[in-house]
Amino acid sequence: MAAWVIREERQGEPTDAFQIEEIEVPEPGAFEVIVRVMAAGVNFNNVWAALGEPVSVFRYHPEEDHHIGGSDASGVVWKVGPGVTRWKPGDEVVIHCNQASYEDPEVHGLDPLAAPSQRIWGYETSWGSFAQFCKVQAQQLLPKPAHLAWEEAAAYGLTYFTAYRMLIDRCNLQAGHRVLIWGAAGGLGVFATQLCALTGADAVGVVSSEEKGQLIKQLGAVDYINRSEFAGMMRRGDETADAERARFKESRRFCKAVEAILGEPPDVVFEHVGKATFPTSVLAVRPFGKVVICGATSGYQLDFDVRYLWMRQKEIIGSHFANAWEATKANQLIEESKVRPVLWQTMGFDKVAEAHQLLRDNRHLGKIAILVGATEEGQGKTADGPGAIRAEVGA
């Protein structure tokens with residue numbers, strides 16, 4: 001099969017690290033499935049895989065000398081391994097990216113995310129979606145929503161299922177809650193915004209342009225804040241005492257802007273930026289409120305004034321992707337068109353390296369899908385429905 005492959009000796013910029021190679025089609029083991037990939041979704045995790053940062057992906061799967069990335073996919077079941085009874089060749093599926101060993105007891109009563117074997121497929125494992133065929137555990141499969149084209153069905157899993165767990169399960173999001181969403185027009189934020197609207201929670205989103213603000217208002221946000229108007233609140237970590245006082249003053253001003261929109265301080269802050277925004281998140285959330293975080297794109301070494309945490313009895317909640325049950329429940333909302341994918345651009349299979357370079361250079365405007373088995377956009381749609389929202393917004 002044709003596959004976009006990263007090898008350890010050529011880790012670096014995506015356009016150098018990713019190369020097309022001919023690789024043997026994998027065989028399914030027990031409770032595994034081979035899927036003919038029709039479309040794949042692009043995520044920043046395989047920019048990290050290309051760069052070999054913050055650690056090399058080959059540390060996670062040292063038994064393989066190649067890395068085939070891609071943690072989102074839609075496709076057709078091609079072959080099933082021993083023990084698979086729920087799926088058969090020809091089934092149209094989407095794939096969630098959480099893997100864990102069936103032998104870990106955490107899988108059978110606690111949560112697969114707590115299992116020591118837990119890995120993100122297509123990042124911490126090989127055999128991801130940037131190939132004509134991929135290998136997955138049977139529990140990773142979900143029914144493909146019939147009203148979505150292949151590229152639309154490949155454009156939501158990793159970010160949407162992550163946002164679902166963060167808000168619905170970890171924060172018990174309810175009608176009337178007030179929510180602050182960082183990066184609201186990004187891959188996570190567009191789904192957080194829709195989930196707030198669906199549950200009756202009021203959301204204000206932080207964005208980097210007026211065009212992106214209009215997008216999230218279309219998705220159901222009460223309003224938006226352009227972060228460029230509060231650039232001084234971003235934490236660098238090397239501030240002098242005077243600079244820190246100035247930064248804190250800007251954070252205070254930002255919190256007042258959030259409160260002016262929502263009417264009260266937020267009950268929940270949706271965090272994935274990390275170092276630059278986390279001190280403001282802890283400051284902004286109301287007493288007994290929750291800051292839920294799933295990543296740290298600006299840096300993972302966090303420092304903040306902890307007095308605003310303990311004296312006002314706020315909570316910090318860590319969250320990582322989703323389990324199969326959460327992915328199933330979230331996917332049902334996609335099937336019912338209560339939540340919709342948000343897709344910026346669809347590219348051909350020959351553009352995998354280029355697509356990741358766009359992410360690396362921050363020249364993308366939203367989710368990118370890659371056609372693999374599908375030959376043109378729009379294929380795979382077998383039922384009526386609204387399809388994906390197209391994110392035509394400014395940089």
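**Notes on the predicted model**

1. Helix H6 is followed by glycine 220, whose phi is positive, near 120°; helices (H or I, at least four residues) and strands (E, at least two) are taken here as DSSP runs numbered from the N terminus. This is a predicted model, in which local features need pLDDT of at least 70 and side-chain atom pairs count only at pLDDT 80 or more, while totals for chains, interfaces and linings use all residues. Residues are numbered from 1 along each chain as its sequence is written, and side-chain values use heavy atoms, with hydrogens and water left out.

2. Within H6 (residues 210–218), the buried residues are Lys212, Gly213, Leu215 and Ile216, where buried means under 20% relative accessible area, exposed over 50% and partly exposed in between, with a 1.4 Å probe and protein chains only. They sit on the same side of H6 because they cover an arc of only 155° around the axis, the arc being that of the directions from the helix axis to the C-beta atoms. Their cover includes helix H5 (189–199), strand E11 (202–207), strand E12 (223–226) and strand E18 (389–390).

3. In strand E1 (residues 2–5), Ala2 and Trp4 point one way and Ala3 and Val5 the other, yet all are buried. E1 pairs with strand E2 (residues 19–22) in the antiparallel sense over four bridges, pairing being assigned if DSSP finds at least two bridges between two strands. Alanine 3 has glutamate 21 of E2 as its bridge partner.

4. Some backbone values deserve a check, since most residues other than glycine have a negative phi, and most peptide bonds are trans. Tryptophan 127, in the loop between strand E7 (119–120) and E8, has a positive phi of about 65°, and it counts as buried because its relative accessibility is 13%. Serine 337, in the loop between helix H10 (324–335) and E16, also has a positive phi, of about 60°, but at 26% relative accessibility serine 337 counts as partly exposed. The peptide bond from glutamate 53 to proline 54 is cis, with omega near -5°, and proline 54 is found in the loop between helix H2 (45–51) and E4.

5. Glycine 81 belongs to the loop between strand E4 (72–80) and strand E5 (92–95), and counts as buried at 8% relative accessibility. Not counting residues up to four places away in sequence, glycine 81 touches Pro28, Gly29 and Glu32, contact meaning heavy atoms within 4.5 Å.

6. The second largest pocket holds about 350 Å³ of space. Of the 20 residues that line this pocket, the closest to its centre are Glu32, Glu63, Gln99, Thr125 and Gln137. On a 1 Å grid over the protein atoms alone, a pocket is an open set with protein on both sides within 12 Å along at least five of seven lines, a cavity is a set of points where a 1.4 Å probe fits but cannot get out, and lining residues have an atom within 4 Å of a point. Strand E8 (residues 133–137) gives the largest share of the pocket lining, three residues.

Key. Grid points are joined across faces, edges and corners, and a volume is the space filled by probe spheres set on the points.
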